[in-house]
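I opened this notebook to record, step by step, what I looked up in one protein structure. The entries run from the whole chain down to single residues.

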Amino acid sequence: MTETYSTQILKDEAATIHAAGVLARQLQPGQVIYLHGDLGAGKTTLVRGILHALGHTGKVKSPTYTIVEPYNLAVGSCYHFDLYRFQDPEEWEAAGFRDYFNATSICLVEWPEKAGHLLPDADIEIQFDILPHGRILHITSRQALSLEGLCQ
């Protein structure tokens with residue numbers, strides 16, 4: 001299995017949106033992407049950039065209260081999860097989201113650790129670390145990714 005590791009500095013929101021576009025061009029149905037980082041680190045901004053790069057033209061809101069926001073795109077279904085409010089991993093089972101993770105959908109999951117071991121393994125994991133001016137983006141992928149041009 002080919003793995004990809006990358007660490008990039010994103011200086012601002014525009015750089016995050018640009019990086020999202022580079023990542024979006026490589027996403028395929030059936031993939032699971034985990035997004036890690038503190039509140040305000042840029043997870044939802046990255047998801048917004050990915051969704052717009054995949055063709056969504058409307059608003060992208062954080063699913064903090066709804067837990068999941070579905071998007072029907074040309075590449076198939078895309079589900080944006082925010083598990084921040086989960087108190088116990090068993091809430092994942094009770095919510096019935098397991099069926100969303102299938103060969104025809106892309107699942108972007110913020111705060112995946114809140115579901116414990118109940119989520120499928122990630123194909124791509126993205127960690128955000130906040131800097132005084134910008135963010136550090138750490139990407140680990142179980143597949144080969146072309147990250148050339150990730151940062152502007």
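**Entry 1, the chain as a whole.** I note at the outset that this is a predicted model. I began by listing the secondary structure, and I found three helices and seven strands in the protein chain, which follow one another along the sequence in the pattern β-α-β-α-β-β-α-β-β-β. The C-alpha trace spans about 40 × 35 × 35 Å along its principal axes.

I looked up burial next, and 48% of the 152 residues count as buried. The accessible surface of the chain comes to about 7,700 Å², and carbon and sulfur atoms account for 51% of that surface. When I took the contacts with a sequence separation of 6 or more, I found that 66% of them join residues 24 or more positions apart. For the charges, I recorded 11 positive and 18 negative ones, whose mean positions lie 8 Å apart.

Which residues have the most contacts inside the largest nonpolar core? I found that this core has 26 residues, and that the ones with the most contacts inside it are Ile33, Leu35, Leu46, Ile50, Leu108, Ile126 and Phe128. At least two residues of this core come from each of helix H1 (13–24), strand E2 (32–36), helix H2 (43–53), strand E3 (68–73), strand E5 (105–110), strand E6 (124–131) and strand E7 (134–141). The largest share, five residues, is supplied by H1. I also noted a second, separate core of 17 residues, with Val68, Phe86, Phe97 and Ala122 among them.

The buried residues are Lys43, Thr44, Thr45, Leu46, Val47, Gly49, Ile50 and Leu51, and what covers them includes H1, E2, E3, strand E4 (76–82), E5 and E6. For Leu46 in particular, I listed the contacts beyond its neighbours within four places in sequence, and these are Thr16, Ala20, Leu23, Leu35, Ile126 and Phe128. After H2 comes Gly55, which has a positive phi near 110°.

Apart from residues up to four places away in sequence, Ile33 touches Leu27, Ile106, Cys107, Leu108, Val109, Ile124 and Ile126. I also looked up its distance to Pro120, which is 87 residues away in sequence, and found the two C-alpha atoms 10.0 Å apart.

I looked at two residues here, Trp111 and Pro112. Leaving aside neighbours within four places in sequence, Pro112 is in contact with Tyr34, Leu35, His36, Leu83 and Leu119. The C-alpha atoms of Pro112 and Phe86 are separated by 9.9 Å, although the residues are 26 apart along the chain.

Thr57 counts as exposed, with a relative accessibility of 78%, and its C-alpha lies 10.0 Å from that of Leu73, which is 16 residues away in sequence. Ile67, although not a glycine, has a positive phi of about 75°. What is the relative accessible area of Ile67? I recorded 21%, which leaves Ile67 partly exposed, because the cut-off for buried is under 20%.

Note on methods. Residues numbered from 1 in each chain as written. Predicted model: local features only at pLDDT ≥ 70, side-chain atom pairs only at ≥ 80, totals over all residues. Heavy atoms only, no water. Helix = DSSP H or I, 4+ residues; strand = E, 2+ residues; numbered from the N terminus. Buried < 20%, exposed > 50% of the residue type's maximum accessible area, 1.4 Å probe, protein only. Contact = heavy atoms within 4.5 Å. Areas by Shrake-Rupley, 256 points an atom, 1.4 Å probe, with all protein chains shown as cover. Lys, Arg positive; Asp, Glu negative; His and termini not counted. Charge placed at Lys NZ, Arg CZ, Asp CG, Glu CD. Core = buried A, V, L, I, M, F, W, Y, C linked by side-chain atoms within 4.5 Å.
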